[in-house]
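Here's a quick walk through one model, with an eye on charged side chains and strand pairing. Have a look at the structure first.

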Amino acid sequence: MIWHIFYNSSRVINWSTSAGVDDRIKTEQAEAGLSYVQVEQDDLPIPENFYVSTGEDGITEKGNFNPTFSTTTPTIDTVINVTGLPAGTEVFLDSVSKGTMSDTTLTLTTSEPGKFDVTFKKLEFKDLTQRVITAKQS
């Protein structure tokens with residue numbers, strides 16, 4: 001099936017269709033800041049699973065993060081090391097961005113009891129969220 005894909009400057013797919021796309025639609029989308037590529041693909045190229053390739057001439061399937069957490073059930077003041085992440089991964093704690101990693105290891109220190117979600121995002125990977133549950137020290 002032929003897919004018409006519109007994407008932003010970060011190569012994130014904004015929308016796609018298998019219906020006909022004429023020059024008027026391409027012009028409107030270009031004026032809105034979106035670029036266009038046409039691909040042949042069996043499955044719907046949804047943004048959660050695909051991104052536009054570096055050459056902007058096709059799409060690539062996203063990979064999976066495979067981090068290793070030293071623990072996901074720490075006590076207060078425990079250091080959590082997360083390894084196996086690619087540099088450039090953006091880190092979120094409870095949906096709030098905490099920055100982009102320049103290294104491949106993340107170090108977190110728990111300071112209060114409770115639950116929080118650590119989410120990792122990078123263009124080439126499917127988002128991954130891990131819940132961490134911090135217990136009071138006994």
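Let's start with Arg-131, which is partly exposed because its relative accessibility is 43%. On this scale, buried means under 20% relative accessible area, exposed means over 50%, and partly exposed is in between (1.4 Å probe, protein chains only). Bear in mind that this is a predicted model: local features need pLDDT of at least 70, side-chain atom pairs count only at pLDDT 80 or more, and totals for chains, interfaces and linings use all residues. Residues are numbered from 1 along each chain as its sequence is written, and side-chain values use heavy atoms, with hydrogens and water left out.

So what does Arg-131 pair with in a salt bridge? Its side chain meets that of Asp-117, at 2.9 Å from N to O. This pair links distant parts of the chain, with Arg-131 in strand S13 and Asp-117 in strand S12, 14 residues apart. Strands here are DSSP runs of E with at least two residues, helices are runs of H or I with at least four, and both are numbered from the N terminus.

The structure has three salt bridges, each being a side-chain nitrogen of Lys or Arg within 4 Å of a carboxyl oxygen of Asp or Glu. Here they are:

| Salt bridge | N to O distance |
|---|---|
| Arg-24 and Glu-28 | 3.0 Å |
| Arg-131 and Asp-117 | 2.9 Å |
| Lys-121 and Asp-127 | 3.8 Å |

Arg-24 and Glu-28 are about one helical turn apart, because they sit four residues from each other in helix H1 (residues 23–31). Glu-28 is partly exposed at 40% relative accessibility. Lys-121 is partly exposed too, at 33%, and Asp-127 is partly exposed at 48%.

Now for the strands. S12 (residues 114–122) and S13 (residues 125–134) pair antiparallel over eight bridges; two strands count as paired if DSSP finds at least two bridges between them. They make a hairpin with two residues between them. Across it, Phe-116 stands opposite Val-132, while Phe-120 has Leu-128 as its bridge partner.

Both strands belong to an open, mixed sheet of five, in the order S6-S13-S12-S9-S10. At its edges are S6 (63–64) and S10 (96–100), each pairing on one side only. S6 runs parallel to S13, joined by two bridges, and Gly-63 is bridged to Phe-125.

Finally, Asp-42 lies in the loop between strand S3 (35–40) and strand S4 (50–52). Asp-42 is exposed, with a relative accessible area of 70%.
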